[in-house]
Amino acid sequence: MDDLYHPRILELAANIPHLGALEAPDGAATKVSRVCGSVVSVEVKLKDGLVSEIAVHPKACALGQAAAAVLAMHAIGAAPAEIVAARESLRAMLKERAPPPAGRFWELRHLEGVRDYPPRHASTMLAFDAAVEAVQMAERAM
């Protein structure tokens with residue numbers, strides 16, 4: 001289990017930026033893991049087709065919190081398609097042993113050890129699953 005909870009995971013989990021809620025978000029979503037009960041909410045605002053503000057509210061294990069931190073640190077300025085691509089890359093890394101995500105969300109590589117623990121996949125995916133739903137909602141509202 002040391003490969004799961006290495007120092008960078010714990011550091012990310014302890015330093016999540018953009019915690020809380022936004023006033024009048026363009027899109028919002030909450031995802032729950034049926035396996036462990038972790039919950040992550042994500043709210044976004046879009047401006048000129050890019051994420052201009054984000055708020056995250058994770059009630060999750062260190063892995064879910066670390067993923068939420070990576071999302072929150074790098075989402076501002078991202079196109080919705082980048083967030084969708086990051087979620088798909090994260091899922092492929094965990095489930096198909098694909099290489100870690102690159103680009104804006106490269107720090108998801110720190111979660112590579114989760115691939116060997118399938119019961120932890122759901123909580124690790126929550127923030128990006130919620131973010132995809134939130135940005136898609138925001139796009140529909142535009």
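Predicted model: local features only at pLDDT ≥ 70, side-chain atom pairs only at ≥ 80, totals over all residues.
Student: How many aromatic pairs does a search of the whole structure find?
Tutor: A pair of aromatic rings is described by the distance of the centres and the angle of the planes. Searching the whole structure in this way gives a count of 1.

Student: Which kind of aromatic pair do Phe-105 and Phe-128 form?
Tutor: Their ring centres lie 5.4 Å apart, and the angle between the planes is 90°. Planes over 60 degrees apart fall in the edge-to-face class. Therefore the label for Phe-105 and Phe-128 is edge-to-face.

Student: Where in the chain do Phe-105 and Phe-128 sit, and how many residues apart are they?
Tutor: Phe-105 belongs to the loop between helix 3 (80-96) and helix 4 (121-141). Phe-128 is in helix 4 itself. The pair thus links distant parts of the chain, with a separation of 23 residues.

Student: At what angle do helix 2 and helix 4 pack?
Tutor: Helix 2 covers residues 62-74, and its axis lies 6 Å from that of helix 4. Helix 2 passes helix 4 in a right-handed crossing. The packing angle is about 35°.

Student: How many residues of the contact of helix 2 with helix 4 are nonpolar, and how many are polar or charged?
Tutor: Helix 2 brings Leu-63, Gly-64, Ala-67, Ala-68 and Leu-71 to the contact. From helix 4 come Ser-123, Thr-124, Ala-127, Phe-128 and Ala-131. Sorted by type, these residues divide into 7 nonpolar, 3 polar and no charged.

Student: Which residue forms a salt bridge with Arg-8?
Tutor: Side chains of opposite charge can pair when their charged atoms come close. Arg-8 is in helix 1 (residues 7-14), and its partner is 99 residues apart from it, in the loop between helix 3 and helix 4. The closest N and O atoms are 2.7 Å apart, and the partner is Glu-107.

Student: Why does Glu-107 count as buried while Arg-8 counts as partly exposed?
Tutor: The dividing value for buried is under 20% relative accessible area, and partly exposed lies between that and 50%. Arg-8, at 23%, is therefore partly exposed. Glu-107 is buried because its relative accessible area is 6%.

Student: Which residue meets Glu-53 in a salt bridge?
Tutor: Glu-53 is found in strand 3 (residues 50-59), and it is partly exposed, with a relative accessible area of 34%. Beyond four places away in sequence, Glu-53 touches several residues, including Leu-22, Glu-43 and Ile-76. The salt bridge, at 4.0 Å from N to O, is with Lys-45.

Student: What is the relative accessibility of Leu-46?
Tutor: Leu-46 is found in strand 2 (residues 39-47). Among the residues it touches, leaving out those up to four places away in sequence, are Val-51, Pro-80, Val-135 and Met-142. Leu-46 counts as buried, with a relative accessibility of 8%.

Technical notes: Residues numbered from 1 in each chain as written. Heavy atoms only, no water. Phe/Tyr/Trp six-rings, centres within 6.5 Å; stacked < 30°, edge-to-face > 60°. Helix = DSSP H or I, 4+ residues; strand = E, 2+ residues; numbered from the N terminus. Salt bridge = Lys/Arg side-chain N within 4 Å of Asp/Glu carboxyl O. Buried < 20%, exposed > 50% of the residue type's maximum accessible area, 1.4 Å probe, protein only. Axes fitted to C-alpha atoms, helices over the stretch in contact; angles between N-to-C directions. Left-handed = near helix turned anticlockwise from the far one by under 90°. Contact = heavy atoms within 4.5 Å. Nonpolar A, V, L, I, M, F, W, Y, C, P; charged D, E, K, R; others polar.
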